[in-house]
Each structure stands twice: as C-alpha cells, then as structure tokens.
There are 2 protein chains.
Amino acid sequence: MPYIPLEDHLPGITGLLEYRKDTADPIRELTQLLLRGPSTLTEGERELIATVVSHRNECKFCTTAHTAAADILLGEDSTAAAVKKDILSAPVSSKMKMLLTIAAQVQEGGKAVTPESIANAKAEGATDIEIHDTVLIAALFCLYNRYVDGLATITPTDPTFYQGLGKRLKDHGYNRLPQGYDHLKKNG
Amino acid sequence: MPYIPLEDHLPGITGLLEYRKDTADPIRELTQLLLRGPSTLTEGERELIATVVSHRNECKFCTTAHTAAADILLGEDSTAAAVKKDILSAPVSSKMKMLLTIAAQVQEGGKAVTPESIANAKAEGATDIEIHDTVLIAALFCLYNRYVDGLATITPTDPTFYQGLGKRLKDHGYNRLPQGYDHLKKNG
C-alpha cells in the first residue's frame with residue numbers, strides 16, 4: 001500500500017503525477033524534452049537509457065513501462081531485454097553501448113562516471129550533447145525510480161497494463177493528456 | 001575539467017543550466033516549487049533536506065551551496081553542520097529528524113524507505129504532503145548530484161563563492177535571473 005493516499009486506479013508514477021499536479025508539470029515537461037524532443041538519438045534509444053537505469057535501480061514499475069515503450073518504438077522485444085542483461089553484448093550500435101555504459105555509471109553515482117567511459121563514447125562518435133542528454137536522462141530516472149518506490153506505489157502485475165502504458169508513451173509522449181483522453185488515464 | 005564544454009566562469013550546476021536552457025527551465029521550476037513554494041516546511045528545513053542528500057551523495061558543489069543557503073535562511077551555521085554529521089542528534093524538531101531520515105533512505109534508493117520510517121514521521125506529526133515533498137526533494141537532489149558530478153563540473157574551493165550563491169538562493173530562489181541581474185550570474 002502506498003505511504004500516502006493515491007488513487008487506486010493510478011499505479012506507479014501515474015498516481016504521483018495526479019497527487020501534486022504543480023510539481024508534475026515540470027517533471028513531465030523535462031521528460032518530454034529529453035525523451036521526445038529533437039535529438040540525434042532515436043526515441044527508442046532514449047527509452048533504452050531509461051530502461052537500463054530503472055532496471056539497475058530495481059524499480060519494477062519503471063523498468064516494465066519503459067521496456068514496453070522501447071519495444072514498441074523499436075518494433076521488437078529483444079534489444080531492451082538484452083541491454084538489461086549485458087550492455088556490451090546487446091544488439092545496439094557501438095556508440096549506444098558506450099552511452100548506456102555512462103548511464104549505468106550515473107545510476108551508481110555522479111562520481112562513478114569515468115574519463116575513460118567519456119573518451120570511449122566520443123571515440124565511437126558520441127557528441128557532447130548526446131553525452132549531456134545521456135547523463136541527464138539517467139539522472140532523471142534516478143529521480144523517478146526513487147519517487148515511485150520511495151512512496152511505495154502500486155506495481156501492477158498484469159502485462160497488458162504496461163502494453164497500454166507503453167503504447168500511450170509512444171503515441172502521446174510524456175505530456176499531460178488533453179481533455180477528452182480521460183479513458184487513457186488509467187494507463188498513465 | 002568538465003566532460004563537455006561549459007563556460008569557465010559558471011561552475012557546478014550553473015554551467016549546466018546555461019548549456020541546455022530548455023531542459024534547465026523545468027528543472028528550475030520544479031526546484032522553485034519544492035524549495036520555495038508554499039509549504040508547512042520552512043525554506044531552511046527544505047534546504048536541510050537538499051544538504052543531507054547532497055552530502056550523502058558526496059557532491060561537494062551541491063553540499064556546500066545548500067549548506068550556505070540553509071545557514072543564511074536559518075541565521076546560524078550549526079544546524080546544517082549537525083544534520084550532515086548525525087541526523088538524530090541534530091538540533092531540529094522530532095518531525096524533521098524523521099523526515100531527514102526518510103530523505104537519507106531515498107538517497108540510498110527508493111526501496112530503502114521503510115514503513116517504519118514513514119510511521120515514525122507520521123507519529124511526529126508529518127503530513128502526507130510533507131512526506132511526499134521530502135521524498136521528491138530527496139529524489140530531485142539525487143538527479144542534481146548526478147548531473148553535476150556525472151559531467152565533472154568544476155567545484156570552486158573559495159568559500160566566498162558559496163556565500164554569494166547561498167545569498168542568491170535566499171534572495172532570488174531557483175528561477176532564472178531576470179534581465180539586469182547578469183552581475184549575479186557568476187554566483188549561479
């Protein structure tokens with residue numbers, strides 16, 4: 001049971017974003033900019049960063065939700081599964097292996113990011129802004145994972161919930177749903 | 001040396017908030033709402049949460065900056081020093097001891113927050129929104145600390161830098177400085 005009163009039909013982050021809407025707005029905006037805004041990283045690649053960090057923080061809600069979003073965006077379900085298991089052997093570009101390695105270091109802590117991992121990413125063609133965004137996305141999911149689990153929100157066990165949420169994240173991104181989309185609310 | 005090109009005269013978070021201004025805006029807005037918006041926790045108490053988390057993440061820039069802000073807001077420099085050393089023996093209210101304990105658990109990870117620590121906080125009079133905000137502030141500083149150290153930003157050693165930054169955080173909060181305040185920019 002959550003530590004604070006959240007709506008029963010809104011599990012994980014979804015209930016928290018309704019609990020305090022004024023703080024939810026900039027959280028949504030930051031996420032939309034980083035995961036759906038203009039970038040040389042694809043939306044699928046950015047969802048993989050979210051997935052790797054959430055997985056390493058053992059946040060089941062966020063891991064399952066962003067795995068679902070990545071799977072839908074990538075059109076297959078083997079890549080997200082592989083990066084959670086082992087980044088370096090996963091079927092992603094050499095640049096993405098290096099960026100995901102940086103993200104995994106950010107999950108441990110800011111000081112865990114090494115000059116070597118940055119040099120490796122640059123050697124594989126990563127730009128400064130890609131490195132910046134990787135660090136900030138990883139840091140943002142360290143916020144999300146703590147917010148979701150630190151207040152003991154509900155983690156649905158039904159896979160269809162996450163399929164619906166992943167589809168919503170692909171179709172509508174992270175912005176608040178406009179009026180008339182209330183039927184989608186239960187999916188985040 | 002920072003891992004990405006940041007302006008030399010903008011150390012720590014200040015250079016990052018100039019590097020990508022579109023993402024900086026919601027980060028600033030979220031921080032302003034949580035640390036300076038209406039709350040039953042004082043601004044000084046909320047800066048103590050930021051200080052404890054930053055200290056435990058070993059982020060020297062953020063710890064020194066928010067210690068300076070807390071000291072100025074509280075009008076003395078013993079409380080922030082004490083909460084960094086030992087929360088339970090620090091000269092803060094029983095409620096704040098319990099909320100700072102929750103913040104320290106969030107720093108470890110979302111799942112580290114225990115039902116007991118929540119029950120203790122509620123027994124000392126903490127409200128649901130105070131618990132919510134404590135968790136979200138702690139999670140936000142887990143983002144900040146990783147952003148600042150994950151990109152190897154510069155940490156000034158001159159104490160007067162942090163005095164200036166702390167005063168700015170008291171007088172102007174976390175919003176972007178309006179036009180005409182450029183002389184304050186070097187202090188964050």
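Begin by selecting helix α1 of chain B, where the buried residues are B:G12, B:I13, B:T14, B:G15, B:L16, B:L17 and B:E18. Keep in mind throughout that the coordinates on the screen are those of a predicted model. The helix is mostly covered, since 7 of the 8 residues of α1(B) are buried.

**The interface of chains A and B**

Show both chains now, and select the residues that meet across the boundary: 43 residues of chain B are in contact with 44 residues of chain A. The size of an interface is often given as the accessible area lost when the parts come together. Here chain B and chain A bury about 3,700 Å² between them, and 67% of that area is on carbon and sulfur atoms.

For the polar part of the boundary, display the 18 residue pairs in polar contact between chain B and chain A, counted with both residues at pLDDT 80 or more. There are also 4 salt bridges between chain B and chain A. One of them can be found by selecting A:D149 and B:K111, which form a salt bridge whose closest N and O atoms are 3.1 Å apart. Colouring chain B by helix then shows where its side of the boundary comes from: α1 (12-19), α2 (21-36), α6 (94-108), α7 and α8 (128-150) of chain B each supply at least two residues of the side that touches chain A. Of these, α8(B) gives the most, with 16 residues.

**Helix α7 of chain B**

Next, centre the view on helix α7 of chain B, which spans residues 115-123 and holds B:S117. Is B:S117 buried or exposed? With a relative accessible area of 5%, B:S117 falls under the 20% limit and is therefore buried. Beyond its neighbours within four places in sequence, B:S117 is in contact with B:I102 and B:Q105.

Move along the helix to B:A121, which is also placed in α7 of chain B. B:A121 is buried, with a relative accessible area of 0%. Leaving out residues up to four places away in sequence, B:A121 touches B:M98, B:L99, B:I102, B:A126 and B:I131. A distance drawn from B:A121 to B:I131, 10 residues apart along the chain, gives a C-alpha separation of 7.9 Å.

**Aromatic rings**

Now display the aromatic side chains of the whole structure, which holds 8 aromatic pairs over all chains. In chain B, select B:F161 and B:Y162, whose edge-to-face pair has 5.0 Å from centre to centre and 90° between the planes. Both partners count as buried, B:F161 at 11% relative accessibility and B:Y162 at 4%. In chain A, ring pairs link A:F61, A:F161 and A:Y162 into a cluster.

**The nonpolar core**

In soluble globular proteins, nonpolar side chains tend to be buried together. For the last stop, turn to the largest nonpolar core, which has 123 residues, and select A:L100 and B:L100, the residues with the most contacts inside it. Around A:L100, and again not counting residues up to four places away in sequence, the residues touched are A:L48, A:I49, A:V52, A:V83, A:I87 and A:V92.

Key
Residues are numbered from 1 along each chain as its sequence is written. Chains are lettered from A and ligands numbered from 1 in the order in which they are written. This is a predicted model: local features need pLDDT of at least 70, side-chain atom pairs count only at pLDDT 80 or more; totals for chains, interfaces and linings use all residues. Side-chain values use heavy atoms; hydrogens and water are left out. Helices (H or I, at least four residues) and strands (E, at least two) are DSSP runs, numbered from the N terminus. Buried means under 20% relative accessible area, exposed over 50%, partly exposed in between (1.4 Å probe, protein chains only). Contact means heavy atoms within 4.5 Å. A nonpolar core is a set of buried Ala, Val, Leu, Ile, Met, Phe, Trp, Tyr and Cys residues joined through side-chain atoms within 4.5 Å. Rings of Phe, Tyr and Trp (its six-membered ring) pair if their centres lie within 6.5 Å; planes under 30 degrees apart count as stacked, over 60 as edge-to-face and the rest as tilted. Buried area is the accessible area (1.4 Å probe) that two parts lose on being put together, summed over both. A salt bridge is a side-chain nitrogen of Lys or Arg within 4 Å of a carboxyl oxygen of Asp or Glu. A polar contact is a pair of N or O atoms within 3.5 Å; within protein, one must be able to donate a hydrogen and the other to accept it, and residues adjacent in sequence count only if both atoms are side-chain atoms.
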